[in-house]
Amino acid sequence: MKAAVLVFPGSNREGDVAQAIELVTGRKPQMVWHGDGDFEKTDLIVVPGGFSYGDYLRCGAMAAQSPVMAEVKKRAGQGVPVLAICNGFQIVTEAGLLPGTLMRNAHLKFVCSDVHLKVETSQSLFTNRYQAGQVIRVPVAHAEGNYFADDDTLKRLEDRGQIAFRYCAPDGTVNGSGNPNGSIRNIAGVFNETKTVMGLMPHPENAVEPMFGGCDGKALFEGLVEALT
Amino acid sequence: MKARVHVTLKNGVLDPQGKAIGHSLNRLGFAEVGDVRQGKFIELELAETDKAKAKARLDEMCRKLLANTVIENYSIELVG
C-alpha cells in the first residue's frame, strides 16, 4: 500500500501517522506539502491532525482551499481512499468531502484523553479488521470536535450506514458520559456515501504501540493494508 | 467600496460560547441579559464600484470561505 500524507503549515500529527503507516507497511509514506497541486499517485491519502493555518477563520477552512486539497477532491471523486484524522476531519468537511461540520466542544475546553469508541460497521476499507459493535480505546486531543449535522443529513447518514464510530462508555453503552465533546448522536467518525472517505476526531495513529497505552488503532491501518495492497 | 460581513450561527445550532458570555454577563450584574448569540464580523476593502456586482461577489465569498453554511448564516452590508 502506497500512502501520501498531506502537510499543511500547522499540521503536527503527520509524523505520528507516517510512523503508524510505516509500522504496518514497512515503507515510509510520501509527505506532500499543501502547495503541491500534483503528487505521485497513491493507494491512500491521509489528511493528518494539527492546527492547519492556525485554525484561522474556522478549523480547516483555509486548508480546504489549498492547492493540494483541490487535487485530493479530484482523486477522492475518482475513488482514491482518504483517511482524515482530527484537523484532517475538519479540513475534509470544510472541503465538502464529508457531510456535517465540527464545532467548538460543548464544554468549551480542549479535551486530551483516551476515549472509548463503538465500531459501527466492519463493512469498510477502514474498519474491516474490527467487529461491528466492538469497543476500542484511542486518544482524542481537540477543542473543536463537536460533530454537527442537520436532521435530514443525520437521517441519511444513519440510513446508509455512514457512521463509522460513536463515542461510548467502556462497556459500549452510547450515552452522554462517554461523549467527550457534545457530538450529536455521539458521532466520532463518518464515511462518505461510497465509504471511500472516512473522517474521525480520535487519533488511531497514536494507539499503535503498547508503550503508548494501547494498540486499538493499529487494526485500522492493518485493515487498510489488507484492502489496498 | 467597503463591505461588512456578519457571520452568525443558524437558529437551532447550539452556541456554547454565546451561552458562556451570557452567564458571565449575568454574573457581572447584568441580570437583564437573556439568550446571547455570538458571531464574526469581517470588514473588506473592495476594488469594485458597482454595488450589484460587489454583492454577488461577496455572496460567493461567503459561500466559498467566509461562512460554513452547514451551521452559519451570513449577511452582507455595503458601505460607501
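This is a predicted model: local features need pLDDT of at least 70, side-chain atom pairs count only at pLDDT 80 or more; totals for chains, interfaces and linings use all residues.
Q: How are the residues and chains labelled, and which pLDDT limits apply?
A: Residues are counted from 1 along each chain as its sequence is written, while chains are lettered from A and ligands numbered from 1 in the order in which they are written. Local features need pLDDT of at least 70 and side-chain atom pairs 80 or more, whereas totals for chains, interfaces and linings use all residues.

Q: Which way do the residues of strand E4 of chain A point, and are they buried or exposed?
A: In a regular strand the side chains alternate between the two faces of the sheet. Strands (E, at least two residues) and helices (H or I, at least four) are DSSP runs, numbered from the N terminus. In E4(A), residues 82–85, A:Val82 and A:Ala84 point one way and A:Leu83 and A:Ile85 the other. All of them are buried, meaning that 20 or more other C-beta atoms, placed from the backbone, lie within 10 Å of a residue's own.

Q: Which strands pair with E4(A)?
A: Strands pair if DSSP finds at least two bridges between them. Strand E3 (residues 44–47) of chain A runs parallel to E4(A), joined by three bridges; A:Ala84 is the bridge partner of A:Val47. Strand E11 (residues 197–200) of chain A is also parallel to E4(A), over four bridges, and there A:Met198 partners A:Leu83.

Q: What does A:Ala84 contact beyond its neighbours within four places in sequence?
A: Contact requires C-beta atoms, placed from the backbone, within 7 Å. The partners of A:Ala84 include A:Phe89, A:Ile91 and A:Gly199.

Conventions
Two residues are in contact if their C-beta atoms, placed from the backbone, lie within 7 Å. A residue is buried if 20 or more other C-beta atoms lie within 10 Å of its own, exposed if 12 or fewer, and partly exposed in between; C-beta atoms are placed from the backbone.
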